[in-house]
Amino acid sequence: MATNYPAWGGLNFGQQQGKIIPNRFFSLTNIDAHPPFLPYGNGRSYGDSCQNTGGVLLDCRGLNHLMAFDRKTGVLKCEAGVLLSQILRLAIPHGWFLPVTPGTRFVTVGGCIANDVHGKNHHRAGAFGCHVRCFELKRSNGQSLICSPKENTDLFRATIGGLGITGLITWAEIQLAPCQNPLIGQETIRFPNLGEFFTLSDESDQKYEFTVAWVDCLARGRSLGRGHFIRGNFINKPAHYPAYGRKALPMPIDPPFSLVNSLSLKIFNALYYSRQATKKSAKTVRYEPFFYPLDSIDNWNRLYGKRGFYQYQCVIPPETSRDGIREILERIAMSGLGSFLAVLKKFGNIPSPGLLSFPRPGVTLALDFPNLGEKTRNLLSSLDQVVSHAGGALYPAKDARMSEEMFRQSFPGTDAFIPFIDPAFGSCFWNRVNG
Ligand SMILES: Cc1cc2nc3c(=O)[nH]c(=O)nc-3n(C[C@H](O)[C@H](O)[C@H](O)COP(=O)(O)OP(=O)(O)OC[C@H]3O[C@@H](n4cnc5c(N)ncnc54)[C@H](O)[C@@H]3O)c2cc1C
């Protein structure tokens, strides 16, 4: 049975030959299907890391049980297909929050481990893998292994950021972070150029748990890198907070062309930059709009039309980040391509246990590009050159096109990782970056 699971970016990688929905008694040795296998979380990776053309997807959305929760210590055990939104619903009323969260809550715990996702608190908390206490990994030889920093340590390290090809994670135990209520004291500061972003990042990382910036990717000259710096902390005193009644807006159709184009981008960016009258504003917000602004539009990816889009996320090390990010923003601004939401964030230096973990010290930039074919791919290749020259890396969860050389440069741990790949597992992404 052929199954079509499109990537979130809307790009087509071909059909999977079938899908299996594992349950907790699942064993890879007695199924009637042929490898290669690949676990599938909730398909929120933008490119082909959750795609397995010609192979079989292990659709983990059926592994959706919360198994145990210690309200005193915040230790949660859950199946790997549990969504972060489920965890939030359970944990917040008991004073706990996710230790690390990406910009959408509709991702699974398995997906968060396999891409070792990061969030706005990377400078304080590191990546998701830093908070994983242990997990069960099913291998194609029938073994079920408990992996932790003390047990099967090598497989533990290979599976965090391991792109789903070391085996199937069936459940995991995570240490949650305390939070008295889900309100955030948020400050937004408009900054006029890239230099100011670095100054604000340096001064904010000490005092604020969450930091991120939106940049106007079309601004040039003295305004290059201008944007809004957003920082915040949980309000850690008991407070009454209203229920979150806002429903997500629907994006019901795939328009024939991208609604994100040079004109709409120019208008949006100019308006967004000047949307706040004062240089600085402060307010208290619930966690949903703070962490998950894109979740407020259902299927926002459809804005890009039928041809879809490429997401591009790089990290540039501290020593080269000022020049590297400047050069990248200049090339994007010159091209007139880019997205409404270009995100800039300084990563901290808390190491992840993951062998192929993407987050590392430096500055990360993420943005979408409507798929205009050759034109877009040429621009992205030219950005690769800057990233490569600056000693940086690209993020597999957001990638649909990086070369083998770029992958090798981005992940020096690849040789150490390869022995832990399950021989019956594979993915489109892995095939592409390994010739
Ligand atoms: C709006 C939006 C915002 C985002 N913001 C961020 C961000 O701020 N930071 C960030 O780091 N990422 C971000 N992402 C990317 C996203 O967090 C990752 O791609 C995440 O891995 C997707 O999880 P998923 O459950 O959808 O997994 P999928 O995309 O389905 O799969 C991701 C990988 O996990 C593997 N996998 C899934 N389940 C298992 C399992 N049970 N066992 C073993 N391997 C498994 C798959 O094989 C695949 O390699 C964002 C994505 C979106 C759409």
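**Ground rules.** I number residues from 1 along each chain as its sequence is written. The model is predicted, so I take local features only at pLDDT of at least 70 and side-chain atom pairs only at pLDDT 80 or more, while totals for chains, interfaces and linings use all residues. My helices (H or I, at least four residues) and strands (E, at least two) are DSSP runs, numbered from the N terminus.

**Five-stranded sheet.** I looked up the strand order and got β4-β5-β9-β7-β8, an open sheet with antiparallel pairing; two strands pair if DSSP finds at least two bridges between them. The edges are β4 (66–70) and β8 (144–147), each with a single partner strand, so one side of each lacks a neighbour in the sheet. Neighbouring strands are turned by 10 degrees against each other on average, direction ignored. I then checked β4 against β5 (residues 75–79) and found four bridges in the antiparallel sense. Asp70 sits opposite Val75 in β5.

**Eight-stranded sheet.** This one is open and antiparallel too, in the order β15-β11-β13-β12-β18-β19-β17-β20. Here β15 (280–286) and β20 (393–394) are the edge strands with a single partner each, so one side of each is left without a neighbour. Helix α9 (residues 374–389) packs on the sheet and touches β17 (309–316), β19 (362–370) and β20; a contact is two C-beta atoms, placed from the backbone, within 7 Å. The direction of α9 makes about 10 degrees with that of β17 (axes are lines fitted to C-alpha atoms, for helices over the stretch in contact; angles run from 0 to 180 degrees between N-to-C directions). Between β12 and β18 I found three bridges, antiparallel, and Val215 stands opposite Ala342 in β18.

**Helix α5.** Which residues of α5 are buried? I got Leu194, Phe197, Ser201 and Ser204, with buried meaning 20 or more other C-beta atoms, placed from the backbone, within 10 Å of the residue's own. Their cover includes β11 (183–191), β12 (210–215), β13 (227–234), α8 (321–335) and β18 (342–347).

**Ligand shell.** I found 32 residues around the ligand, the closest being Gly41, Gly110, Gly111, Ala114 and Gly164; a residue is in if its C-beta atom, placed from the backbone, lies within 6 Å. β2 (37–40), α2 (109–114) and β9 (168–175) each supply at least two shell residues, and α2 gives the most, four.

Definitions and conventions: A residue is buried if 20 or more other C-beta atoms lie within 10 Å of its own, exposed if 12 or fewer, and partly exposed in between; C-beta atoms are placed from the backbone.
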